[in-house]
Amino acid sequence: MTSTIPIGVTVNGVDHEFPEPLSVRELLTKLELPCRGVALAVDGAVFSKSRWDEPVGRGWTIEVLTAVQGG
């Protein structure tokens, strides 16, 4: 019998667990977060949009950042 180890990540300070591997883009969709007009940081480093189809890594800390206008 094969058991799958869940993928545990923290997004914007909230812990989440997923039963199957998923891409960064799929993660945003599942969490109902926008895919447009945002930037991502993974473990404190910028994660470019060109990499959003890569699988999410176990234990990642992801921050979804939105631009704010004004000064």
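A residue is called buried when its relative accessible area is under 20%, exposed when that area is over 50%, and partly exposed in between (1.4 Å probe, protein chains only). The model is a predicted one, in which local features need pLDDT of at least 70 and side-chain atom pairs count only at pLDDT 80 or more, while totals for chains, interfaces and linings use all residues. Residues are numbered from 1 along each chain as its sequence is written, and side-chain values use heavy atoms, with hydrogens and water left out.

The protein chain contains 1 helix and 5 strands, where helices (H or I, at least four residues) and strands (E, at least two) are DSSP runs numbered from the N terminus. Read from the N terminus, the order of these elements is β-β-α-β-β-β. Along the principal axes, the C-alpha atoms occupy a box of roughly 55 × 20 × 20 Å.

Next comes the interior. In soluble globular proteins, nonpolar side chains tend to be buried together. A nonpolar core is a set of buried Ala, Val, Leu, Ile, Met, Phe, Trp, Tyr and Cys residues joined through side-chain atoms within 4.5 Å. The largest such core here has 17 residues, and Val9, Leu27, Leu40, Trp60 and Ile62 have the most contacts inside it. Strand 1 (7–11), helix 1 (24–30), strand 3 (38–42) and strand 5 (61–66) each supply at least two of its residues.

Trp60 deserves a separate look. Leaving aside residues up to four places away in sequence, Trp60 touches Gly8, Val9, Thr10, Val24, Val42, Asp43, Phe47 and Pro55, a contact being heavy atoms within 4.5 Å. Across the protein chain, among contacts between residues at least 6 apart in sequence, 51% join residues at least 24 apart.

The last stop is Ser50, in the loop between strand 4 (45–47) and strand 5. Ser50 counts as exposed because its relative accessibility is 68%. From C-alpha to C-alpha, Ser50 and Asn12 lie 21 Å apart in space, and they are 38 residues apart in sequence.
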